[in-house]
Structures are given as structure tokens and as C-alpha cells.
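Biologist: Let us go through this model together. I will ask what lies behind each label.

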Amino acid sequence: MAGILDFLGGENLQQIVNGLSEKTGVSTDKVGTVLDSLKQMLGQGENTGAELLSKLTGDGQSSTLQAISEKTGVSLDNVSQIFQNLTPMISNFFGGKGGNAAIALKKLNCDVCFFSCLGNDHDAELIKENLSRYGIDTSNIKISENCKTGAAYIFLEKNGNNRIIVNPGANMDINGADIRNIFKREMADCTHILIQLEISIEAVKEIIRVCNELNIKLVIDAGPIRNISINDLTGAYIVSPNKSELEALVKRKLHTLEEIKSAGKELLNNGIKNVLVKMGENGSLFLNSETEIYQKIYKVDALDTTGAGDSYM
């Protein structure tokens, strides 16, 4: 929810207003007024992703248009024109780092058990149905009574790159006790565990502890950037940050490939067995105590990079 509100009130707002005005012939003042009203309406209460999409593109759109027209004094015809050009920018997709990686692994014929925390809402049911459609075990998913299902708002740029604003929601309602009491018995049957830093740091640390205790190979996708130290990741089989995440771990800016290699070796020196750095258009770097591999990218015409790093893992 926060992502859309930040987007409508952020640095891109004037660009959106100008673009919508140009497409519709409605003045920039009226477009801005309509978007301000929409932002206020969406900010009332806690909307799930499904509820948000319904207000913008689904069954709730007509009442939303009418309410905005009445509130702003902008004609219903003009409001409708603005929405007709705004809504193609908005789509609803399943995702999340864990979900994307789980589906990618299942497509590689791996036996996948998925553990996460969702809200007690309609979005949660849709997510579980989607995972089950791929044959992924969802029996260990925790349902939070306190938080809505998490969501990410992804803004796709013309060159295929994206910017992401995350509302973690129920993801942060996983704690160490959940790992010990709900998921540890499943972990004992696993050869590998893959986690991301989109859950509570308490849960991340407990997963690392249990994996070290049970001698399970733990792969950590070290994003998004969190308040976590290299020492907290000791014992992991693979830690894979992107460049910004690696900078956060070593607490300094990295400008060259040699500086990135040096930072990666710091992780190895702190008990991490392998480091895989994702560097976007600059390729990737794999390091361990015996090997150093730099891989250039394969050039493609990128349409949408959303989920690329998740699936890469």
C-alpha cells in the first residue's frame, strides 16, 4: 500500500501528471487534483493488494471514479479519461523473492517446501493457490492475525529496469520461535535452505543457527539491505548480495571490480564458504577459498528485470 502512495506523492508525480495530461487533453491542474484525491482515498484504512487493484481497475472502479469526481469537481468524463490511461500502468502479479525462487526451483524439478508468513486476507489465499498450482508444499505457511500480506510496488522504466518499494507486512511477523516450533522439523529433511532478508532479522539469525546445528547448506540472498552484520551470516554455504547489498555489509562504497573482490573476501574470512555477487549489467562474481570466477552478462533486450535476481539464485 505504501508503495503506491509514495509513488503518487513522490518524485515521479509531475512526470505522471504531464504524461496523463498529454494523453487525455485534460489540464495538468485537473490531473494533479484527481491523483491527489486518489491518493487520499487509497490512504484510508489498510487496503490489501487485491482491494487496491479492485478500486483502480476492478469492480470498485466505478464508485471510485464517481467519488473522485464529486470530491474534486472534475467532470466524470475527465476522471474516466485519466483512469483509462493510468490503470494500464498498474498490474497485479504474484512474487516476492522467496516465492519467485521457490517456483524457479520447482521448475527445475526440485522438491520444494515453502515457509513464510501471510496475512489473514484474500491476498494470502491467492498466493497459496498459486504456489500449490506449481506443486509447492504450503502447509507450513504461518498466518498472521496482526498484519496484512506483504506487497511490493514495482515501477517499470522504459529501458526494462525497475524500482521497487516494499511494504513487508506479515513477512516481519516471523520470529525465532516460529522457526524452532513450526519449520525446524521440515528443515531436518532438507539438503539446502534458501532464504532472503525480507523476514525479521530474529528469524534470519535463528535459521542460520539451526542450519549450522543440522549441517544444512544455507544459501542467503542478501537482500534487501537490512541492519545485519557479516558476523551474523557466519556458517552460510553461499551469501549472494548485489553490489549495494555488499556495500552495506562491508560498510563502504565499492567502485571497481578489485574492490568488490576484496569485499567478497572479507565475507569468506568471516566463515562464509562461498560468495556470489550480482552486479547487474556488469555481470557476476563467484568467490571461495579456492576459486574466483567472473562471468560477463549475456546481452538481451530487457523487457522487465523484475524477479531476475530472485530466479538467478
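Biologist: Over which residues does pLDDT stay under 50?

Modeller: Over residues 1–6. This is a predicted model. The model has 17 contacts beyond four places in sequence for residues 1–6. Where pLDDT is low, the predicted coordinates should not be read in detail.

Biologist: What is the mean pLDDT of the protein?

Modeller: The mean is 85, and 84% of the residues reach 70 or more.

Biologist: How do you know that helix 9 and helix 10 pack?

Modeller: Contact means heavy atoms within 4.5 Å. Residues of helix 9, including Ile 179, Arg 180 and Met 187, meet residues of helix 10, among them Ile 207, Val 210 and Leu 214. The contact divides into eight nonpolar, one polar and six charged residues. The axes lie 10 Å apart, at an angle of about 35°.

Biologist: Why is the crossing of helix 9 and helix 10 called right-handed?

Modeller: A crossing is right-handed if the near helix is turned clockwise from the far one by less than a right angle. Helix 9 passes helix 10 in that right-handed sense.

Biologist: What makes residues of helix 10 buried, and which are they?

Modeller: Buried means under 20% relative accessible area. Ile 201, Ala 203, Val 204, Glu 206, Ile 207, Ile 208, Val 210 and Cys 211 are buried. They pack against helix 9, strand 5 (192–196) and strand 6 (217–221).

Biologist: How does the reach of helix 10 compare with what is expected at 1.5 Å a residue?

Modeller: Helix 10 has 14 residues and reaches 20 Å from its first C-alpha to its last, close to the expected 20 Å. Asn 215 follows helix 10, with a positive phi near 60°.

Key
Residues are numbered from 1 along each chain as its sequence is written. This is a predicted model: local features need pLDDT of at least 70, side-chain atom pairs count only at pLDDT 80 or more; totals for chains, interfaces and linings use all residues. Side-chain values use heavy atoms; hydrogens and water are left out. Axes are lines fitted to C-alpha atoms, for helices over the stretch in contact, and angles run from 0 to 180 degrees between N-to-C directions. Helices (H or I, at least four residues) and strands (E, at least two) are DSSP runs, numbered from the N terminus. Ala, Val, Leu, Ile, Met, Phe, Trp, Tyr, Cys and Pro count as nonpolar, Asp, Glu, Lys and Arg as charged, and the others, Gly among them, as polar. The expected span of a helix is 1.5 Å times one less than its number of residues. Buried means under 20% relative accessible area, exposed over 50%, partly exposed in between (1.4 Å probe, protein chains only). pLDDT is the predictor's confidence in each residue, from 0 to 100.
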